[in-house]
Amino acid sequence: MRHRNSIRKLSRTREHRRAVLRNLVTSLFLHERIETTVAKAKEARRVGERMITFAKRGDLAARRHVASYVHGDDVVKKLFETLAPWYAERNGGYTRIVRIGRRLGDGGETALLELVKSPELKEKLRHEAEERLKAEKVAGKGAKGKGKKEAAPTEGAAPEAPAKKLRAEKKPKPPRSERGGGKKGLPGGKAATRGRQQGRSGD
């Protein structure tokens, strides 16, 4: 019997389990799809759908409740302003779990936890993405054309002289017999040896 076994403990303490679920739910809202184990996906789905229900309410108390659980103000803003309107006409069932097999190593059963999107919503998002790409391309071409116009020389201006590379002229070295002393100033450029330094060279 499963009396009082309403949640999965995931082999973790209460604090650790809550931290794991907070991270999973935040990643789900941020990326709209995450890969994890089946047990974690079922627990994250339970919490994530509850957060979406709060976001559909849209009042200040609901926003504060969600912000106390989900990490990041940008994720909370996305949840209330972007994700919640997707499910305005839907009562529950905001996520789905797709099993993808067992992972290498420990053989744990993995699954994809993702937000459910209707065909109309998918088409709308695809159209918005295409429009955004077109706008970025037009903006990029305009910036390149503007840069080229600014770089073009004005009429009547004298052309700039090409930059000259200054090279140091190498002076020819005098013959060895005409040079000064070597390392220690000896005539003929002979290097000083230990014998000459100590006076045992015989000179």
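The questions below go from the whole chain to single residues.

Author: This is a predicted model, in which local features need pLDDT of at least 70, side-chain atom pairs count only at pLDDT 80 or more, and totals for chains, interfaces and linings use all residues. Residues are numbered from 1 along each chain as its sequence is written, and side-chain values use heavy atoms, with hydrogens and water left out.

Reader: In what order do the elements of the protein run from the N terminus on?
Author: Helices (H or I, at least four residues) and strands (E, at least two) are DSSP runs, numbered from the N terminus. The protein has six helices and three strands. Their order is α-β-α-α-α-β-β-α-α.

Reader: What percentage of the residues of the protein count as buried?
Author: Buried means under 20% relative accessible area, exposed over 50%, and partly exposed in between (1.4 Å probe, protein chains only). The protein has 203 residues, and the buried part is 25%.

Reader: Of the contacts with a separation of 6 or more, what percentage joins residues 24 or more positions apart?
Author: Contact means heavy atoms within 4.5 Å. Among contacts with a separation of 6 or more, the share from residues 24 or more positions apart is 53%.

Reader: At what angle do the axes of α1 and α2 cross?
Author: Axes are lines fitted to C-alpha atoms, for helices over the stretch in contact, and angles run from 0 to 180 degrees between N-to-C directions. Helix α1 covers residues 14–31, and its axis comes within 9 Å of that of α2. The crossing angle is roughly 65 degrees.

Reader: Which residues make that contact, and how many fall in each class?
Author: From α1 come L21, L24, V25 and F29; from α2 come K40, E43, A44, V47, G48, M51 and I52. Ala, Val, Leu, Ile, Met, Phe, Trp, Tyr, Cys and Pro count as nonpolar, Asp, Glu, Lys and Arg as charged, and the others, Gly among them, as polar. The tally is eight nonpolar, one polar and two charged residues.

Reader: Is E43 buried or exposed, and which side chain makes a polar contact with its own?
Author: E43 sits in helix α2, residues 38–57. Its relative accessible area is 2%, so E43 is buried. Beyond four places in sequence, E43 is in contact with I7, R8 and L21. A polar contact is a pair of N or O atoms within 3.5 Å; within protein, one must be able to donate a hydrogen and the other to accept it, and residues adjacent in sequence count only if both atoms are side-chain atoms; at 3.0 Å, the partner of the E43 side chain is that of R46.

Reader: Which side chain makes a polar contact with the side chain of Y94?
Author: Y94 lies in the loop between α4 (73–86) and β2 (95–102). Y94 is buried, because its relative accessible area is 4%. Leaving out residues up to four places away in sequence, Y94 touches E49, I52, T53, K56, Y87, E114, L115 and V116. At 3.2 Å, the polar partner is K56.

Reader: What distance separates the C-alpha atoms of Y94 and V116?
Author: Y94 and V116 are 22 residues apart along the chain. Their C-alpha separation is 5.4 Å.

Reader: Is R4 buried or exposed?
Author: R4 is found in the segment before α1. Its phi is near 65 degrees, a positive value in a residue other than glycine. Its relative accessibility is 84%, so R4 counts as exposed.
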